[in-house]
Structures are given as C-alpha cells and as structure tokens.
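Here's a guided walk through a protein model, with the cut-offs spelled out as we go. Have the viewer open and follow along.

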Amino acid sequence: MRIVPLVLAFAWLALQPGAAPAADPPSLTVFAAADLTFAFRELAPRFEKATGARVTLVFGSTGNFAHQIRQGGPADVFFAADQSFIDALIVDGALLRETRTLYAQGRIVLATARAFGPKLIDLRGLLDARVRHVAIANPLHAPYGRAAEQALRAAGVWDALRPKLVFGENIRHTLQIVQTGAAEAGIVALSVADVPEIDWVRIDASAHAPLDQAAAVVRRSPRPELGLAFIQFVNGAEGRPIMKRFGFMPPGEF
Amino acid sequence: MDLFPLWLSLRVSLSATALTLLAGVPIAWLLARRRFPGRNLLEAVVVLPLVLPPTVLGYYLLVLIGRRGPLGQALASVGLELAFTWGAAVLAAVVGSIALVIKSVQAGFETVDVQLEQAARTLGRSEWSVFWSVTLPLAWRSVLAGTVLAFCRALGEFGITLMVAGNIPGRTQTLPLAIYDRVQANLMDEANALALVAVGIVVVLLFGLSRLARLRY
C-alpha cells in the first residue's frame with residue numbers, strides 16, 4: 001500500500017499554504033489589448049512613480065478580456081483595441097459609462113521580413129510570387145485584422161491574396177509570424193512594428209475605418225478613481241509622447 | 001527572475017494530480033468493472049476535454065463558474081469565488097488532465113484477470129479489500145503512468161487556465177502563461193529560462209518515477 005501515503009503526501013503538499021498569494025496588496029490591475037504591450041510596459045512604472053500605486057499589467061486578446069470582465073474578471077480598468085467591445089460592456093453594465101475614454105487611434109503598417117530581402121513598399125507588392133505567405137490578424141475578431149482586410153480590399157488585391165493569407169490570433173502573434181520568417185510579409189500594428197527582424201512602411205489611414213481604441217473603468221473595481229487616474233495618465237502630458245513614440249495617435253491628433 | 005509562476009504551477013499541478021487521482025481512479029474502476037445504463041455515454045464524456053480546444057473549453061467553464069454563471073452564483077451565495085483564483089487554475093488542470101488518468105487506469109484494470117479477484121472473494125475478502133489488495137496492485141504501473149501523464153498535462157495546461165484563471169502576474173500566472181507572456185513581450189531570454197525550468201522539473205520527475213516504478217506496490 002505504498003501508493004496511499006504517496007497520494008496523501010501529494011495532497012498534503014498541495015494544501016500547504018505559503019506559495020499561494022494570500023491577501024492581495026493594494027494595486028491596480030489593467031487588462032490591456034496585446035498591441036499596448038510595449039507602450040504600457042514603459043508607461044506603468046512612470047504611473048507607479050507618480051502615484052505610489054502598484055500596477056499589474058495583463059496583456060491579451062480584447063475579445064477574451066471582454067468575456068472575462070463580463071464574468072467578473074478582476075480588472076480595475078480595461079483598455080480595448082476596439083471601442084465596440086467597450087460599448088458592449090457598458091450596455092451590459094460591466095463598465096462605468098462615465099469613464100469611457102478614447103485613448104488612441106491605431107495605425108497599420110506593411111511589414112516585410114528582413115530575411116526575405118527587399119522591403120515591399122505597397123500592398124500590390126504582396127502579389128509578387130516570391131511572397132508565399134502574408135500574415136494578418138484574424139479579421140473575424142481582431143480589430144487590426146479587420147483594418148488589414150479593408151486596406152487590402154481598397155487596394156484591390158484581397159481576392160488575389162486570399163490563398164496566401166495566414167491569420168494570427170492577435171496582432172503580436174501576427175507580428176511573430178513575420179518575425180520568424182514563416183510569412184515573408186504581413187500587416188501589423190505600427191505600435192508593435194519596431195523589432196529588428198522586420199522592415200515596414202505605413203499604410204495610409206484612409207484605407208480603413210478608423211481604429212478608435214477606448215478604455216473604461218470596471219464597475220466592480222474597488223478603486224475606480226485610481227483606474228480613471230491611469231486612463232488620464234495615458235492621455236496626459238506624460239503619457240501622450242510615449243503613446244506616440246509607440247505608434248498610437250493620441251486623441252485630438254487623429 | 002520572478003519565480004512565482006514556478007511555485008504556483010507546482011502547487012496547482014500537485015493539487016490537480018491529487019484531485020484527478022481521487023476522482024479518476026473510481027471512475028476508471030466503474031468503467032472497467034461495471035455494466036450500467038449510460039456507461040457508453042460516460043466513456044464519451046470522459047474523453048470530451050481532449051476533443052474540445054482548450055480555450056473553447058475554458059470559455060464554457062468560465063460561463064459556468066463566472067460571476068454570472070449558475071455555478072458561480074451558487075458559490076457566491078456561500079461567499080466563494082472560484083473564477084480568476086488559483087483554485088480556478090486547479091480546476092482547469094483537472095479538467096484538462098482527468099481523461100488521461102481515467103483512460104490509462106481503466107486499461108490497467110481491464111488487464112487484471114477477473115479470476116484473481118474472484119479467488120479473493122471466495123476467500124472471504126470484501127469488494128473494498130479485493131480492490132486494494134488485488135486489482136490496484138496489479139494495475140499499479142498503469143496508475144503510475146496515468147499519474148505522470150496527468151501531472152505533465154497539468155503542468156503544461158494553458159488554454160483553459162488562460163480563460164478561467166486569467167493571466168494575472170503574481171496571482172494566477174502559471175509557468176506556461178508566464179512563458180507565453182514573455183514571448184509576447186519579446187523577452188526571449190526570460191522565456192527560454194522559464195521553459196528550461198519547466199523541462200527540468202519534468203525530467204527530474206520522470207527520472208524519480210521510473211525509479212519508483214521499479215519498486216513493487
């Protein structure tokens with residue numbers, strides 16, 4: 001009966017306190033769309049310094065976050081990649097309407113893997129037979145994917161390119177497909193495009209519907225004023241230059 | 001480097017493995033030894049978590065245990081919240097791995113000669129005693145194999161955990177989620193180091209268990 005003590009030891013070990021986080025220290029939990037990864041990693045420490053609050057950044061897909069916040073996900077503030085998710089959650093009563101704020105407009109770029117060779121300068125270049133795969137975010141649920149589809153349609157190359165398209169789950173995943181050279185080219189967000197493995201050129205903003213990104217404070221948040229302060233910080237004197245540097249157009253400068 | 005994800009993952013996988021054994025072994029025994037209505041249905045339900053994509057499964061679980069879900073509301077009425085806690089990560093790991101325990105242990109029980117069990121019964125042993133002194137010892141290696149599979153699956157669980165526990169650093173960010181996060185943030189050195197840690201754990205564990213497997217029950 002050697003196995004019984006073994007299982008009991010397992011169970012005992014598992015139930016040991018210690019490793020588990022007991023009480024949560026007072027902090028601000030931010031659910032942020034994946035395209036904000038680089039910008040917010042730089043912004044958050046500055047906000048912490050300015051306010052003394054501790055910020056926990058959680059990056060992921062806007063759609064997943066929307067499901068989670070609807071089900072009581074422990075966010076204090078939600079930065080979506082697309083304002084439609086914010087509006088739907090406000091209607092559901094999960095977000096505070098009066099805190100809804102536009103914080104940026106996204107831009108897309110045409111990215112070429114450096115390993116591939118010459119930088120593509122316009123969307124028609126994707127038709128080149130040497131470009132075997134073109135990565136875009138999934139247009140069904142990713143805002144940047146929708147914008148990519150609109151731009152490709154506007155350029156009249158969508159139908160011809162369809163067999164070459166591969167879909168990333170979100171914009172960071174799409175970038176990785178090009179970064180690794182798995183796709184020779186792709187359409188990604190300007191905010192994530194500054195990586196050594198790719199060359200990029202801007203796609204005109206008139207080629208797609210505006211990528212208006214909104215944020216709002218979560219209704220269940222125990223510290224709504226801190227969440228609002230973070231939104232204002234992102235839109236404020238210290239936040240705007242950083243957001244711009246990472247490829248987001250701040251409100252009022254669209 | 002912050003090692004919190006490592007400790008959390010170990011704790012979650014150990015808890016989940018203990019729970020899968022507690023729930024999985026009796027189910028495996030039922031499937032191997034009893035004929036009852038709905039048995040085929042149960043067999044199908046058991047492997048369902050392996051068929052559904054983890055994130056989809058995670059979404060359904062979240063709808064069930066979330067604040068607006070039926071189970072979530074029942075738990076809330078007694079002051080408990082499971083979604084987005086480390087307990088949700090345990091639940092995710094159990095759901096993801098229990099099929100592996102049930103199927104291997106069931107196969108183990110089925111290879112045990114029923115005549116040996118009957119011989120024990122003719123000697124006056126109770127069903128309980130037959131199970132502990134005949135069936136389980138003879139199926140011991142299958143139980144061990146199922147345990148290893150379940151532990152490894154629990155340690156690597158990603159999709160379900162992401163949905164029901166969230167990916168909150170310092171609270172519910174397990175090792176696989178932490179690795180994924182580092183990759184997303186282009187911090188490849190940290191990602192590689194964490195991945196190496198995960199691989200190291202499993203190698204040490206498998207080595208230890210292969211020793212253990214040579215032992216008799």
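We'll go from confidence to overall layout, then to domains, cores and a few individual elements.

First, the ground rules: this is a predicted model, so local features need pLDDT of at least 70 and side-chain atom pairs count only at pLDDT 80 or more, while totals for chains, interfaces and linings use all residues. Residues are numbered from 1 along each chain as its sequence is written, and chains are lettered from A and ligands numbered from 1 in the order in which they are written.

How confident is the predictor about chain A? The average pLDDT (the predictor's confidence in each residue, from 0 to 100) is 89 for chain A, and 90% of the residues score at least 70. Helices (H or I, at least four residues) and strands (E, at least two) are DSSP runs here, numbered from the N terminus. Over residues 17–25 of chain A the pLDDT is below 50, and beyond near neighbours in sequence that stretch has nine contacts in the model. A contact means that two C-beta atoms, placed from the backbone, lie within 7 Å.

Now the layout. Chain A has nine helices and 10 strands. Among its contacts with a separation of 6 or more, 77% link residues 24 or more positions apart. Of its 254 residues, 49% count as buried; that takes 20 or more other C-beta atoms within 10 Å of a residue's own, while 12 or fewer makes it exposed and anything in between partly exposed, again with C-beta atoms placed from the backbone.

At the boundary, 10 residues of domain 1 of chain A are in contact with 11 residues of domain 2 of chain A. On the domain 1 side, H2(A) supplies the largest share, three residues.

What sits between the domains? A nonpolar core is a set of buried Ala, Val, Leu, Ile, Met, Phe, Trp, Tyr and Cys residues joined through C-beta atoms within 7 Å. The largest one has 82 residues, and Val30(A), Phe78(A), Ile108(A) and Val188(A) touch the most other members. Helix H2 (residues 37–51) of chain A gives this core its largest share, six residues. Both domains of chain A contribute residues, so the core lies between them. Leaving aside neighbours within four places in sequence, Val188(A) has contacts that include Ile108(A), Ile171(A), Leu175(A) and Ala193(A).

Next, look at strand E10 (residues 211–217) of chain A, where seven of seven residues are buried. Leu211(A), Gln213(A), Ala215(A) and Val217(A) point one way, and Asp212(A), Ala214(A) and Ala216(A) the other. E10(A) runs antiparallel to E3(A), joined by three bridges, with Phe78(A) partnering Ala216(A). Strand E4 (residues 101–106) of chain A also pairs with E10(A) in the antiparallel sense, over five bridges (pairing needs at least two DSSP bridges), and Gln105(A) stands opposite Asp212(A).

Finally, hop to chain B. Eight of the 10 residues of helix H10 (residues 175–184) of chain B are buried, so this helix is largely enclosed by the rest of the structure. The buried ones include Asp181(B) and Arg182(B). Just after H10(B), Asn186(B) takes a positive phi of about 65°.

Terms used
Domain bounds come from an automatic or database domain assignment.
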